[in-house]
Amino acid sequence: MREEEKKPTSTIRRILKQRWALSAIYIASAAIILAAAFLLQNSFNDSAKDGKEESAETGKNYGEPSVEVNSNLETIKMPVADADKSVIKKQFYDVNADEKAQEEALVFYNNRYEQNKGIDIAMEDGKSFDVKASLSGNVTKVQDDALLGNLVEVEHEDGVVTRYQSVKDIKVAVGDKVKQGQAIATAGKSQINEEAGVHVHFEIRKDNIALNPLDFVDKQASAIQSATEAEADKEETPAVEGSEADKETPAVEGSEADKETPAVEGSEADKEETPAVDETDESTDLESGTDEEGSVPGEDTTEESDSLKDSLNQSN
């Protein structure tokens, strides 16, 4: 029994004692390791290919122009570097303001009064200053205009546009993208509002309707959309009770046929068949006191009968 149990152990020992045994074990181990490494590498390559395909899908629109998606989240700023040192030379003309405020917001030029569509901003010391972009956007208009003092227009989301007039040394061109706070020009003068001196005329418009910039300064740009929607709801005419059909002239009782002249009693045929009575002749006969035969009604005929009797007796 002991000899049989010792045989396997002795066989392994004999194999290990061979010179090629260790080399064979080393080669087999290396082959196993290489095979495992190869399998791992293939799995990594497959995952890398999947990642490249996903990145290719993501980069399809790489060449298209980017769109500002956070401009509505920006807080609207005054178009000056230091708002604390600025003054408002002329306010926005508000139709809901009192008479005095409206009068002060009128611009007089060429013997005409014009409503101020924005605010005119200047520095307390009257010196020139850099005009900053109030919001990020795209420059859509750059115009030289001596009357307005040159113009720069920047377009934003949802039909919102900011306008900067009475400027000089313009630093942007049509098609440029500007960031909020970026210098786009320098304050200057205009012929239409010379009394304001060196200033910038700043406007905010929504769908080409001028709004009061002071109502939206330090508020998010999305507040412009909300305010205009609320204003549009107020301007809608309230529905009048009753439908348009109810507003029509009430129908007169009775149909058109009923409105016709009522029919005279008796038909035309009855009128034709009934002979007309000559009331004149009848009345004449009554007045004369005679009947149709010529006798007078009520005449005493006793004498006539007595005379007849006497004639009969004489004949007898």
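A polar contact is a pair of N or O atoms within 3.5 Å; within protein, one must be able to donate a hydrogen and the other to accept it, and residues adjacent in sequence count only if both atoms are side-chain atoms. The model is predicted: local features need pLDDT of at least 70, side-chain atom pairs count only at pLDDT 80 or more, and totals for chains, interfaces and linings use all residues. Residues are numbered from 1 along each chain as its sequence is written, and side-chain values use heavy atoms, with hydrogens and water left out.

**Exercise 1.** State which side chain makes a polar contact with the side chain of T186, and why T186 counts as buried or exposed.

Solution. 
1. T186 lies in strand 11; strands (E, at least two residues) are DSSP runs, numbered from the N terminus.
2. The partner is the side chain of K171, at 3.3 Å.
3. Buried means under 20% relative accessible area, exposed over 50% and partly exposed in between (1.4 Å probe, protein chains only).
4. T186 has 11% relative accessibility, so T186 counts as buried.
5. Contact means heavy atoms within 4.5 Å. Leaving aside neighbours within four places in sequence, the residues in contact with T186 include S128, F129, D130, V131 and K171.

**Exercise 2.** Describe how strand 6 pairs with strand 7 and with strand 10.

Solution. 
1. Two strands pair if DSSP finds at least two bridges between them.
2. Strand 6 and strand 7 are antiparallel, with five bridges; V142 has V152 in strand 7 as its bridge partner.
3. Strand 6 (residues 137-143) also runs antiparallel to strand 10 (residues 177-178), joined by two bridges. Here G137 is partnered by V178.

**Exercise 3.** Classify the aromatic pair of F108 and Y113.

Solution. 
1. Rings of Phe, Tyr and Trp (its six-membered ring) pair if their centres lie within 6.5 Å; planes under 30 degrees apart count as stacked, over 60 as edge-to-face and the rest as tilted.
2. F108 and Y113 are 4.7 Å apart centre to centre, with 50° between the planes, and the pair is tilted.
3. F108, at 46% relative accessibility, counts as partly exposed, whereas Y113, at 58%, counts as exposed.

Terms used. Helices (H or I, at least four residues) and strands (E, at least two) are DSSP runs, numbered from the N terminus.
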